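This report is written for a reader who is meeting the structure for the first time.

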Amino acid sequence: MPKMKTKNSAPPAETVPEVQEDLNPFHIAQRQFDTAVRYIPDLKTGLVDFLKQPDRMVTVEFPIETHDGSVRNFVGYRVLHSRIRGPGKGGIRYHPDVTPDEMRALASWMTWKCAVVDVPFGGAKGGVVCNPKELTKGDVRRITRRFITALGDNIGPHTDIPAPDVNTNAGTMARIYDTYDMMHPGRDNLPVVTGKPVEMGGSLGRREATARGCLFAVQRALARGVVDGLDTLSGATVVVQGFGNAGAIAAELFAEAGARVIAVSDSLGGIYRAEGVDPAQAVAHKADNGSVVGLPSTETLTNDGLLAIPCDILIPAALENQIRADNVHTIQARFIAEVANGPTTPSADRALFERGIPVLPDILANAGGVTVSYFEWVQNIEHEQWELDVVNRKLLAKMERATDAVIDMQHDIDSSLVKITGEHAARGVPIDGLGMVDLRTAAYVLAIKRVAKVALERGIWP
Ligand code: NAD
């Protein structure tokens, strides 16, 4: 492993947080929202409160009989953050660390993501507290069926539409559809869930959509000059944390696009190879051995070590809170593209911004998944199946437009800052801390404005 040295900045100062950083994902989502709202002076206070809080949270408890004959109880959640712009949309996650606040955060990020990429959905998210690694496939199938039954009509093709997330996949979505269809026989239920297998109404290109959308957004951002001296992926070095649905395919697509993927990791550790890791070999090794670790001709490293590798582009594609106040000083990437939701904390965001390391935020960088989910939903409603090149062409257009809109918003805010601070001051709003904005804040401002506009056009009922 080479000694790490940044290309684009002086060695970063040691960042030791004075107080314990608040890693509650919903607190983080609310701080991100509050930061952005300061740049929207004409947003009414009541509307701010309305947009910030989730509409509802459903908690369910249900038993299943596990493979060993015992009965175990599980807790599941479904949060609907907003239906202002359309039905709720968001994945279902199976993980031992699922909490109500994680679900609230992820649901709110879905609202802003759908607005950034301009698909007519609101935000939602669901999950079950469980560890699929300790369960059999049959156990997981029973959990899915009982969870969906317990949610009942809290999900539906025109109200709240699930999709895959951590530890769920097309097979899980097939079971969700089947369960819902059993509960609502004789109806056209295919659009109740997206990310289904292609044979049963899934969209071509959905499996790769999150990663492909990230690729398109990164390529556009580079072409727009977001990273000094890096305008193309050709020869760029890439590090990917998390090697699942999204991360493994991102590694493949970035390599196909001419980048060199030098390190990847999963929950058991990471692997490094200066000449490049072959993503297809890593996928095969993980399928046979349960982890990328041990792939021949690679060095093994920890996940902390992986984040610290000097590279052009770092792609966190695992879970929340991976880049924090306590490790941000180790980051030696020139650019970060967030495939995971919430991988960077606000303190880390600030430190990266100060060091000139741009972050393409989750609500833009991973929006390809929900975009093709929207395409799948439209195809189901219209009883159509689009060709792959049609899907990818439409995805490219959506991702480029969204990336442009976020970058333009950042420029607009920066150039009109004097005016904004003036208006805040006139309304008595504190202006301390208002300054040049990062891409996350720009994306939030864009999203909040879009959602608020529709809320006001619809009017507050009655
Ligand atoms: P997944 O379960 O398929 O993969 C997650 C991967 O992360 C696995 O390889 C796991 O081993 C690894 N991982 C877990 N903890 C880790 C750690 N501490 N360090 C390194 N690796 C770790 O999940 P996914 O669907 O690929 O989702 C990954 C992230 O992308 C999540 O934040 C999810 O919300 C986000 N996302 C996924 C989609 C999608 O379409 N699947 C869409 C948008 C966003």
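## The ligand and its surroundings

In this predicted model, the side chain of Asp165 places an N or O atom 2.7 Å from an oxygen atom of the ligand. Asp165 belongs to a set of 25 residues that surround the ligand, and the closest of these are Asp165, Thr210, Asn245, Ala246 and Asn341.

| Residue | Part of the residue | Distance to a ligand oxygen atom |
|---|---|---|
| Asp165 | N or O atom in the side chain | 2.7 Å |

According to the domain assignment, domain 1 covers residues 56–190, whereas domain 2 is put together from the segments 208–366, 393–425 and 435–462. The contact between them draws on 22 residues from domain 1 and 25 residues from domain 2, and the C-alpha centres of the two domains lie 25 Å apart.

How much area is buried between domain 1 and domain 2? The value is about 1900 Å², and carbon and sulfur atoms give 62% of that area. Polar groups meet across the boundary as well, with 11 residue pairs in polar contact between domain 1 and domain 2, counting pairs in which both residues have pLDDT 80 or more.

On the side of domain 1 that touches domain 2, strand E3 (88–95) and helix H3 (100–116) each supply at least two residues, and H3 gives the most, with 8 residues. By residue class, this side of domain 1 divides into 9 nonpolar, 4 polar and 9 charged residues.

## Charged pairs

Side chains of opposite charge can pair when their charged atoms come close. The structure holds 23 salt bridges, and 1 salt bridge is found across the interface of domain 1 and domain 2. Arg93 forms a salt bridge with Glu320, with 2.8 Å between the closest N and O atoms.

Another salt bridge joins Asp101 and Arg104, where the closest N and O atoms are 2.5 Å apart. Asp101 and Arg104 are separated by about one helical turn, because they stand 3 residues apart in helix H3.

How values were computed
Residues numbered from 1 in each chain as written. Predicted model: local features only at pLDDT ≥ 70, side-chain atom pairs only at ≥ 80, totals over all residues. Heavy atoms only, no water. Domains from an automatic or database assignment. Contact = heavy atoms within 4.5 Å. Buried area = accessible area lost by both parts, 1.4 Å probe. Salt bridge = Lys/Arg side-chain N within 4 Å of Asp/Glu carboxyl O. Polar contact = N/O pair within 3.5 Å; in protein donor to acceptor, adjacent residues only side chain to side chain. Helix = DSSP H or I, 4+ residues; strand = E, 2+ residues; numbered from the N terminus. Nonpolar A, V, L, I, M, F, W, Y, C, P; charged D, E, K, R; others polar. Near = heavy atom within 4 Å.
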